[in-house]
Amino acid sequence: MLNEKILREFETILGKERILTSKEDMLSYAYDAYVEEYLPEAVLFPKTTAEVSQIMKAANTNRVFVTPRGAGSGLAGCSLAKKGGVVLSLTMMNHILEINKPNRYAIVEPGVVVSEFQKEVEKIGLFYPPDPGSSMVATMAGTVMMNAGGMRGIKYGVTRDYLLGLEAVLPSGEIIQTGSLTAKDVTGYDLTRLICGSEGTLAVVTRIIVKLLPKPKARRTLQAIYNSIDQAGTTVARIVEEGIIPATLELMDKMIIKALEDFAHLGLPLDAEAILVIEVDGDPESVDKQAGAIAEFCRGQGARDVRVAQSEKESEQLWVARRGAFGAVARMRPACVIEDATVPVSFLTRAIKEVITIAQRNQVQIAVLAHAGDGNLHPLVLCDLRDKEEMKRVDKAMDEIVDFAISVGGVLSGEHGIGIAKAKYLSRQISPQVLNLMRALKNTFDPRGILNPGSFLECAQ
Ligand SMILES: Cc1cc2nc3c(=O)[nH]c(=O)nc-3n(C[C@H](O)[C@H](O)[C@H](O)COP(=O)(O)OP(=O)(O)OC[C@H]3O[C@@H](n4cnc5c(N)ncnc54)[C@H](O)[C@@H]3O)c2cc1C
């Protein structure tokens, strides 16, 4: 519990101007992109690692709960002060410290926004592939802590694949360095990758070293339109099976197409059952060849129309639809809960059809979006939190989606994390022995349990 004495300690470290305590000021820190609300007791804005360290020392000594936070765009409630205490916002630590072209790495502070970092590295011919749909707001540390994926997962993998090292502050206030600047490093346990994806429960990240790739010289975007979800899903599975590796392979179902048309009037066909948005990148000649081959492939699998963008501008237009999908659907009802179950890609079509059946059986509205090439479904469950009857049906539908994913060898979450949104399902995928190991790790990092309490491990059933 935060009391006056501890607040004064935080003021000595940060000054009053970098602490929020009034309810009005803190309200936006009571939410992320999940649906629950937890008002913190204070919000702190450190600017240096030394300040983070002093804050953690004071919090640990006085057993004040601390929940780190980036942009608050998470979809699982991970950045919320679920048991009270302070929110530690890292958004003022937002400098790109180094972009090293000869060795292809960069060092950034935690609060750097992903898309801004991407723009900076691209200016000098480099490329940082992780590309969550939220890249315009999400922070580098937020994406490290959630091991965020995104549109380019099928070819380039996820955030963890680009992480070389971290500077982090332990709950005790000690500062540690993990990893290195080198492309290879097998010295000891890989704590960098352990902290990555830990949902802010093990340490506060204050610096991040990432590896960079050369920027692809060309890209080509395609849009394939289908009269049947089967044909679209099968196209995805066959593309993967054939060993064709596009940079992105995204699927939108009928409800998303309609929501987008109502919202942005993009001229999408309202009678289509599904659209695939596909992008290839690489050298100009190979990109043309790949785009041609994929267009042919899609037609062969039953696409009724395939459009290949002929310019950067046209490519952007095709992406507007995919990037606008969340927003367009979210307008339809007071709330939208985003599912993230992921299946082996050969089960994608079955999974989408199962979601549609589950929606009908439980009388809930579910639109389906997918990072299809990764088998990563994003069923968008539309609802009204005030309607208790409807929320019971929503809960049941989510439960059934999770069960289906697990039954075909899939997972609870491909990229959005567990948080409070999915903690109750954890034991369906993870054995008691593994959960115990995870708890022991948490206890080693944070013996007094002050960092991000109420997280997935505590709520696991
Ligand atoms: C429209 C939309 C589209 C999205 N698309 C994608 C997508 O394509 N792929 C995807 O993976 N996700 C996606 N997301 C989810 C979300 O954007 C990601 O989870 C992102 O990584 C969160 O970053 P953030 O800066 O907002 O972090 P927050 O939500 O603020 O925090 C996330 C977690 O990181 C911890 N944390 C933050 N900073 C630190 C730090 N410095 N030290 C320790 N812990 C820290 C927090 O405690 C919390 O546990 C989307 C969200 C929205 C709203």
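Mentor: Happy to! The protein chain is split into domain 1 (1-215) and domain 2 (229-407), with bounds taken from an automatic or database domain assignment. This is a predicted model, where local features need pLDDT of at least 70 and side-chain atom pairs count only at pLDDT 80 or more, while totals for chains, interfaces and linings use all residues. Residues are numbered from 1 along each chain as its sequence is written.

The C-alpha centres of domain 1 and domain 2 are 30 Å apart. Their contact takes 9 residues from domain 1 and 16 residues from domain 2; two residues are in contact if their C-beta atoms, placed from the backbone, lie within 7 Å. On the side of domain 1 that touches domain 2 there are 4 nonpolar, 3 polar and 2 charged residues. Here Ala, Val, Leu, Ile, Met, Phe, Trp, Tyr, Cys and Pro count as nonpolar, Asp, Glu, Lys and Arg as charged, and the others, Gly among them, as polar.

Now for the inside. The largest nonpolar core has 135 residues; such a core is a set of buried Ala, Val, Leu, Ile, Met, Phe, Trp, Tyr and Cys residues joined through C-beta atoms within 7 Å, and buried means that 20 or more other C-beta atoms lie within 10 Å of a residue's own, with C-beta atoms placed from the backbone. Domain 1 and domain 2 both give residues to this core, so it lies between them. Val 205, Val 210, Val 236, Leu 276, Val 329 and Val 381 touch the most other members. Not counting residues up to four places away in sequence, Val 205 touches Pro 110, Ala 141, Val 144, Met 145, Leu 166, Ala 168 and Ile 195.

Conventions. A residue is buried if 20 or more other C-beta atoms lie within 10 Å of its own, exposed if 12 or fewer, and partly exposed in between; C-beta atoms are placed from the backbone.
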